[in-house]
Amino acid sequence: MNTLFRRFSYAALAVFVTAALVACGGGSGGGSATVSASSGSVSVLMTDAPSDDFDNIYVRVEKIELLSESGRVTLFDGDETFDLLDLADEARLFAIRNGVPVGYYGKVRLTLLDLELVKRDDQGNIIESHHPHLPGNGKLDLNPRGDFYVAPDQTLLVEIDIDANKSLFYHQTGNGTWRFRPVVFVNVLRNVVDGKFIRLHGVVQDIDDNDNEFELCRTDVPVRQDDGHHDTDAPACVEVQVVDSTSIFDEQGQPAGFGDLVEGEEATVYGRFRREDLDGDEDDDDYDDYDDRDDRYDDRELHDLEFLAALIELGPEGTFASLDGVAQTDVDLDDRFTFTIDPDQGFGVGTGIEVQLQDGTLIVDRYGVPLPVSAIGDGVIMTIDGVLDISEEPDVLYAALIVIDTEALTQVELNGTVLAYPDGSCGLGIATDSGDRSIDVTGAAIYLVSSDGLTGSSEPIDAADLEPGQEVDVYGTEG
């Protein structure tokens, strides 16, 4: 999971190994998918780290599958294109599959049709476009650490993290081309109670004033299920729980309350999933006894998960602008600061606006960790969700969410080859163009990235599995 990798990398350099190895075996994992009359559900989350080289990275997904020794289950089958860089600060609920046979699975296979890398000028015009070759015919086998189990009538969360910055590199030979080396992580979760916010947009339905919850329906998340004849897809409904700490803003970007929600109106919700207990005792044990006769849930819903809202923005898509840029001042006594918008977002170069903090404005890092107001200052890189009021001079952005890039100046990348392991000092030695370096791998996430020509593979390994001569890319901080 990218969140864990980033946290570890503050203290120790994390290592990715790219080896010229033939991947072992085919598409099966260590466990078998024991099919029974009962079944569970699997939800797929997509996320990414930011890229330093491109303004858009368009990923065209054809299929997502679970693999086991006894077969495979298709979670998504279609043709969906999205901009990976839109997910630098959030995660996306990509697909839901109901009716997944109970049992153990070992791999997730992601099949891509295309990858487009786009650079733009300050006016937003495309000046470069590249389509790097996809290794393994676009088939990427992603291995979590150990087999995972789909339990009866429970929803498993599978997060796919395509790290664009570490997957793309420029090959100097000939005319020079961009290459895609799939640094893709998969993490299997029972709950998503921390990490990046997940963003959902839909229509408010079934408001429950007593329990402060509602259904967010007509989302763009497809739910796949077997109707007895063939697989069908329908838009997902997600149960949203509002708590005291949930921030709500109206279409003017002003603070609002639960009573301002209107059935049939659109809304955008940022939050995280948590497992809902059907008996209300916050104990997962009774899930073993969950019965299909409980008809409180529609087939399109996540039966045992609810979405805990951190932020609700009322209004259609586009009501709240999402602007990248840099703060130019600290926050003043009126809770305002000056912000310069990055080019190619529909504004002139160097456009400056005032940002107004409000009661309920969330300030977090890329992984949803709350930050104090003091984190805002001259030169701080951030993305702001808010409603822009051009009636004032200068323009004022009423902020609902501020995501600060706390890593922009801290990450270091090293490239080299593994020396004799261990090196007797810090745990790992690598030879680089600038000399030998010692790397502290304590707590680091280490992945073997390989291809056999038929499929690409990204697999977590232990430091003891590293071998002299392997090529490595190392990301972290200088110690």
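Seven aromatic pairs turn up in a search of the whole structure. Here, rings of Phe, Tyr and Trp (its six-membered ring) count as a pair if their centres lie within 6.5 Å, with planes under 30 degrees apart called stacked, over 60 edge-to-face and the rest tilted. Since Phe76 belongs to strand E4 and Phe94 to strand E5 (residues 90–101), the pair ties together parts that are 18 residues apart in sequence. Strands such as these (E, at least two residues) are DSSP runs, numbered from the N terminus.

Before we go on, a word on what you are looking at. This is a predicted model, in which local features need pLDDT of at least 70 and side-chain atom pairs count only at pLDDT 80 or more, while totals for chains, interfaces and linings use all residues. Residues are numbered from 1 along each chain as its sequence is written, and side-chain values use heavy atoms, with hydrogens and water left out.

Are Phe76 and Phe94 buried or exposed? Both Phe76 and Phe94 are buried, where buried means under 20% relative accessible area, exposed means over 50%, and partly exposed lies in between (1.4 Å probe, protein chains only). Ring pairs also bring in Phe82, linking Phe76, Phe82 and Phe94 into a cluster.

Phe273 is buried, with a relative accessible area of 1%, and Phe307 is buried with 0%.

Now let us turn to charges. The structure holds 12 salt bridges, each being a side-chain nitrogen of Lys or Arg within 4 Å of a carboxyl oxygen of Asp or Glu. You can find one of them between the side chains of Asp79 and Arg60, at 2.6 Å from N to O. Asp79 sits in strand E4 (residues 71–83) and Arg60 in strand E3 (residues 56–68), so the bridge ties together parts that are 19 residues apart in sequence. Asp79 is partly exposed, with a relative accessible area of 44%, and Arg60 is partly exposed with 32%.

Other bridges span longer stretches of sequence. Asp462 and Arg145 meet through their side chains at 3.2 Å, N to O. Asp462 lies in the loop between strand E33 (456–460) and strand E34 (471–476), and Arg145 in the loop between strand E9 (139–142) and strand E10 (148–150), 317 residues apart. Asp462 is partly exposed at 43% relative accessible area, whereas Arg145 is exposed at 55%.

The side chains of Arg181 and Asp473 form another salt bridge, at 2.3 Å from N to O. Arg181 is in the loop between strand E13 (177–180) and strand E14 (184–189) and Asp473 is in strand E34, so parts 292 residues apart in sequence are tied together. Arg181 and Asp473 are both buried. Elsewhere, salt bridges with shared partners join Asp89, Arg366 and Asp405 into one network.

Finally, charges and rings come together. A charge sits over a ring if NZ of Lys or CZ of Arg is within 6 Å of the ring centre and within 35 degrees of the ring normal. Lys166 has its charged end over the ring of Tyr475, 4.3 Å from the centre, and Lys119 lies over the face of Phe54, at 5.6 Å from the ring centre.

Terms used: Helices (H or I, at least four residues) and strands (E, at least two) are DSSP runs, numbered from the N terminus.
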